[in-house]
Amino acid sequence: MSDSSGDPSEKPRGGVGGKRRPPAPAGLPLLGNAVGFARDPFDFTVDAVEEVGDAFRIDLPVGDRYVLAHPDYAERVLVTDRDAFAKTDDFPLAFGNSVIAVEGDDWREQRDFLDPFFFASRIQSFLPTMREQVVRRADSWTDSQEIALLSEMQGLTFDILATTLLGIDADADRDGLRAAADDLNAYFEPVTWMLPDWLPTPARRRFDAAKATLREEVRSLLENADRTDTDDRAEGVDLVATLATALGAGSGDDTDSYPRETDAAIDQLIGLVFAGHETTALALTFTLYCLAENPETYRHVETELADVLGEEPVRWEHLDDLPTLARVVDESLRLYPPVHALPRETKRPVRFDDDVVPEGAEVLVSVFAMHHDERFWDDPTTFDPTRWRDRDRSADAYLPFGAGPRRCLGATFARVEARVALAELLRRFRFERVGDGSLSLSPQMTTQPAGEVPMIVRRR
């Protein structure tokens with residue numbers, strides 16, 4: 001499943017044979033790997049794979065973290081041996097008892113409740129609203145205007161989420177809700193992540209304030225929702241209204257089925273508000289950046305859009321006829337995966353070849369490292385959408401949406417949304433980078449660019 005000249009079935013690089021725990025890269029006395037990891041977590045991880053192997057330990061003053069960076073290991077964590085791993089405490093801290101955080105029967109119950117909102121037929125019904133929000137955003141720009149691309153894409157994807165799944169009126173004021181959702185990332189800044197949980201850093205205070213604001217805003221949504229006469233998830237009934245109806249006309253406590261209490265519905269909406277717009281906004285930001293840096297690919301996409309769409313608005317039936325655009329999105333997700341690592345905690349000791357990760361250890365499945373490994377990708381640091389002509393998106397070294405039963409619930413929604421947004425934006429404007437074109441990354445809960453990624457938009 002590799003486009004590399006190497007053997008795609010190559011076994012993981014091992015550490016030092018016989019070690020009880022995976023090895024750690026060389027570090028500093030007392031500080032271990034703290035300085036190297038804080039300086040550049042992405043380069044640190046990629047270099048550590050080369051130095052000590054595909055299973056390694058990050059030696060930190062607050063305790064070790066373990067990284068797994070091979071498709072075989074990822075499959076074990078996410079699929080075949082998933083019962084040996086649990087979600088980390090960070091998930092309920094940020095998202096409460098939502099589908100993103102819970103396990104077992106609670107997860108299955110919530111997933112069954114949410115699945116109908118992400119069926120293909122439902123997403124198809126959302127497409128005209130998605131397109132309207134993209135056009136509305138584009139119409140707010142002027143020719144040759146400099147925009148903060150990340151902020152604009154966050155605003156766009158939040159507007160799409162609000163007007164489709166959440167059923168919020170397009171003209172409603174949503175700035176407070178969106179700003180609070182963006183600030184959930186603060187808790188997971190690299191420096192903060194390495195410090196003791198009890199230390200009240202500025203990032204953690206920002207996170208606490210964001211979480212409190214989100215709960216207040218989401219509670220208001222539920223209280224003001226139009227409760228329907230049925231608790232099914234028929235098309236046209238948004239998720240907020242469905243949750244409000246399921247809670248019943250009273251306080252929402254002691255109901256027989258999900259959600260059994262108001263706090264459960266609030267948790268679910270907080271998780272959706274964050275996951276439902278942040279990662280797609282990053283995908284759009286990185287894709288437009290890559291196009292601006294690769295003029296030949298950019299021209300191919302523009303030509304394809306002109307040939308397929310003409311003067312028509314993008315529709316569901318157009319999406320399969322835009323393969324170049326789809327490959328560009330796939331390659332952007334490989335080069336800049338919005339979710340750079342998948343955290344888990346071991347429920348028992350787990351052996352990876354010669355090494356054992358102990359029970360209760362925090363494990364990171366490094367999506368970024370696998371996406372940048374020359375064993376699985378030719379020239380992995382180069383943006384090359386043509387590699388997807390002969391490569392399956394389900395390839396084992398490609399995990400932008402995770403894998404297994406816990407694969408991202410909104411993966412299809414996000415891919416449709418990204419293609420609709422790009423089609424309508426690229427036919428209206430040409431995007432040009434400001435400055436030298438360099439892009440630095442800041443890993444938090446998601447892969448953040450270091451800055452707003454300024455762009456000039458020139459009307460076509």
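A salt bridge is taken here as a side-chain nitrogen of Lys or Arg within 4 Å of a carboxyl oxygen of Asp or Glu. In the predicted model, Arg 215, Arg 219, Asp 263 and Asp 267 are linked in a network of such salt bridges. The count by this rule comes to 25 salt bridges.

Several individual pairs were examined. Arg 65 and Glu 362 form a salt bridge through their side chains, with an N to O distance of 3.3 Å. Arg 65 belongs to strand S2 (residues 65-68) and Glu 362 to strand S8 (residues 362-366), so this pair ties together parts that are 297 residues apart in sequence. Both Arg 65 and Glu 362 are buried. A salt bridge is also found between the side chains of Arg 387 and Glu 331, at 3.0 Å from N to O. Since Arg 387 is located in the loop between helix H16 (367-371) and helix H17 (411-426), and Glu 331 in helix H15 (residues 323-335), the pair ties together parts that are 56 residues apart in sequence. Arg 387 and Glu 331 are buried. The side chains of Arg 111 and Asp 115 meet at 2.8 Å, N to O, in a further salt bridge; Arg 111 has a relative accessibility of 15% and therefore counts as buried, the cut-off being under 20%.

With regard to the overall fold, the protein chain contains 17 helices and 12 strands. Of its 460 residues, 55% are buried. Among contacts in the chain with a separation of 6 or more, 73% are accounted for by residues 24 or more positions apart.

Helix H13 (residues 278-293) packs against helix H14 (residues 295-309) at an angle of about 110°, and the axes are 5 Å apart. Because angles of 65 to 115 degrees count as roughly perpendicular, H13 and H14 are described as roughly perpendicular to each other. The contact involves Leu 291, Ala 292 and Glu 293 of H13, together with Pro 295, Thr 297, Tyr 298 and Val 301 of H14.

Gly 155 is placed in helix H7 (residues 149-163) and, at 3% relative accessibility, counts as buried. Residues up to four places away in sequence aside, Gly 155 touches Arg 137 and Arg 178. The C-alpha atoms of Gly 155 and Arg 178 are separated by 7.7 Å, the two residues being 23 residues apart along the chain.

The accessible surface of the protein chain comes to about 19600 Å², and 46% of this area belongs to carbon and sulfur atoms. Leu 28, Leu 30, Leu 31 and Val 35 make a nonpolar surface patch of about 400 Å². Within this group, Leu 31 is situated in the segment before helix H1 (34-39) and is partly exposed, with a relative accessible area of 39%.

Definitions and conventions
Residues numbered from 1 in each chain as written. Predicted model: local features only at pLDDT ≥ 70, side-chain atom pairs only at ≥ 80, totals over all residues. Heavy atoms only, no water. Patch = residues over 30% accessible without salt bridge, like charges linked within 9 Å, V, L, I, M, F, W, Y side chains within 5 Å. Areas by Shrake-Rupley, 256 points an atom, 1.4 Å probe, with all protein chains shown as cover. Helix = DSSP H or I, 4+ residues; strand = E, 2+ residues; numbered from the N terminus. Buried < 20%, exposed > 50% of the residue type's maximum accessible area, 1.4 Å probe, protein only. Contact = heavy atoms within 4.5 Å. Axes fitted to C-alpha atoms, helices over the stretch in contact; angles between N-to-C directions. Parallel < 35°, antiparallel > 145°, perpendicular 65-115°, else oblique.
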